[in-house]
Amino acid sequence: MGEENKEVPETEVSEEVSVVAEASDGQAVAEQNSPYKGFLGKVDNFFGITKSGSKFKTEIVAGLTTFMAMVYILIVNPNMFANIGGLSFQGMFIATSIGAIVGTMLMAFLAKMPLAQASGMGVNAFVVFNLVIYGGLTYANAMVFTLLDGIIFIILTVTGLRKYIFTAIPDEVRKAINVGLGLFIAFIGLQNAGVIVGDSSTLVNLVSFNVLKSDFVTWTNGTVGGMLPALVAILGVVAIAILTYKKVKGAILWGILGSAVLFYVMAGFGCLAGGVQTIFDADGKLLEDALEVPAGGTLQLTNGLACKQIFTSISINNPFTAFAAWGKESAGKVFYEGFNFSDYLGVEGNNAGSLVLLLITSALSLCMLDMFDTLGTLYGACSKGGLLDKDGNPIRMNKCMLADAIATSVGAVAGTSTVTTFVESSAGVAAGGKTGFTALVTGLCFLVAMFLSPIAQLIPSAATATALIWVGVLMMSSVTNIEWTNPAVALPAFLTIAVMAFGYEISYGIGMGIISSVIVRICTGKIKSISIVTWIIAAFFLATFILTH
């Protein structure tokens, strides 16, 4: 093959993208290659769409794809915070939406990257359960911790220290992050679709497809289970693979939408079948003659009855009632209630000393969770879109991290947990997104969804799961970049991947990889290759495992 057909290395593409982004300040440079005039030309110049090799249509499809893949957070996060007394789903829906809108718009206009942000999974669970329910703090107290987290990250980012922290991660760990993220996000998708289900003996198991013994679909307290969602997700992923092979633009988005249609079509046919209604008490005991669900009990419907419930559960509510709930329960509560720790100190055994210890250990955990979730996601998502510089780091990383830090601070004021870059952004990058215009589209979708929450809920988790699983497929290719024949490299890489996927925590996987890498280097006589920043990071992670995990 001739030189003119030689494939451009990913690093060269990345450098071009980086130059384009910085050239957006010089309008003449961008305008020379923009085919658009007027307003569209200015938008193209600002985001560098043409310069990056992308198109408006591609960016729009990518933005919609990212939104469809991560819109579930608008349902999951409010449900999690609803475990805290005094908070409603409606109010937290608005708080979560505001965090997602602000964070994603910052990615669009400040960082100009095709990434989206929202309240992070894992961090929200830490806030709800570790700090409030089991830690003894109030919801407002927890928002103070989140606000401090954001402020600290702003300082680290402005001073440039946060970037050095990322570059101090050992090379083998950085390569493993991409693979670990892929397995992690695929695991989330498989769980959301009910392909992987809980099991008391093995912790996880494959859903049963035995048509003679298992139900086609079940409905348990609002959760759809059985074979229906699992089949939809599997068929959806297969469809995405075929569309991608055929080079169909927006294959992931079409896979999500097609899976949603398939879900309701199959549920519609299921309505023709018979069904069974089963009621359990709060202890899980079967109540054979019960007509009503007791307090704390469970209602389970199967097959035809479950399918009918899927449709009857759809309702359209006044979205402005949610804004009223948010204003009463969450908005600004960090300031007028957050610094009152009387509830915590009023518990027997708690004192000022234990409060200080809780503050230090919790701040340490939040910092580690937020920092490495964001850094890991940045590397994983950007590597798939050719958005890395010549050194293998995400372009405009400092601005991406500043967007994350500011969004976390604003989110705390709005009343939601740490806002961070979502691994689901990889779905949009995989769909072709290269610029901040992708993030703008995603942010606008979140803005619309804030007023149309019932409609957003129409996309079943089985449909959005197809994108997550497919992204996992794409990100697995990076496993070939790891030098598995070298034990000193293989162990940290493996632990990073395994803990991420099986431990269900991105930051802990990175931490385990870094600690093991330091130990291996010490024992193999390569202690001088460990930088001071790497030593500090390893020490912080070790303290996190010992004191807080």
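This note goes through the fold as a whole, then its sheets, and then some helices and residues.

1. Basis of the model. The structure is a predicted model, in which local features need pLDDT of at least 70 and side-chain atom pairs count only at pLDDT 80 or more, while totals for chains, interfaces and linings use all residues. Residues are numbered from 1 along each chain as its sequence is written, and side-chain values use heavy atoms, with hydrogens and water left out.

2. Overall fold. The protein chain has 25 helices and eight strands, where helices (H or I, at least four residues) and strands (E, at least two) are DSSP runs numbered from the N terminus. The radius of gyration is 24 Å, close to the 24 Å that the globule rule gives for 549 residues, so the protein chain is as compact as a globular protein of that length; the radius is taken over C-alpha atoms, and the rule is 2.2 Å times the number of residues to the power 0.38. Along its principal axes, the C-alpha trace spans about 75 × 60 × 50 Å.

3. The protein chain exposes about 24100 Å², and carbon and sulfur atoms supply 65% of it; accessible areas come from the Shrake-Rupley method with a 1.4 Å probe, and for residues only the protein chains shown count as cover. Among contacts with a separation of 6 or more, 75% are made by residues 24 or more positions apart, contact meaning heavy atoms within 4.5 Å.

4. The four-stranded sheet. An open sheet of four strands has the order S5-S4-S7-S6 with antiparallel pairing, two strands being paired if DSSP finds at least two bridges between them. Strand S5 (223-225) and strand S6 (277-280) stand at the edges with a single partner strand each, so one side of each is left without a neighbour in the sheet. Strand S4 (residues 218-220) runs antiparallel to S5 and is joined to S5 by three bridges, with Thr218 standing opposite Gly225.

5. The S2-S3 hairpin. Strand S2 (residues 196-199) and strand S3 (residues 203-206) run antiparallel and are joined by four bridges, and the hairpin between them passes through three residues. Ile196 has Leu206 in S3 as its bridge partner.

6. Helix H24. The 18 residues of H24 (residues 506-523) should span 26 Å at 1.5 Å a residue, and the end C-alpha atoms are 26 Å apart, which agrees; the expected span is 1.5 Å times one less than the number of residues. Because 14 of its 18 residues are buried, H24 is largely enclosed by the rest of the structure. Just after H24, Gly525 takes a positive phi of about 75 degrees.

7. Arg162, found in helix H9 (residues 161-167), counts as buried at 0% relative accessibility. Leaving out residues up to four places away in sequence, Arg162 touches several residues, including Phe153, Asp370, Met401 and Asp404. Arg162 and Met397 are 235 residues apart in sequence, yet 9.5 Å apart in space, C-alpha to C-alpha. Thr496, in helix H23 (residues 487-502), also has 0% relative accessibility and counts as buried. Apart from neighbours within four places in sequence, Thr496 is in contact with Val173, Ala176, Ile177, Gly509, Ile510 and Gly513.

Notes
Buried < 20%, exposed > 50% of the residue type's maximum accessible area, 1.4 Å probe, protein only.
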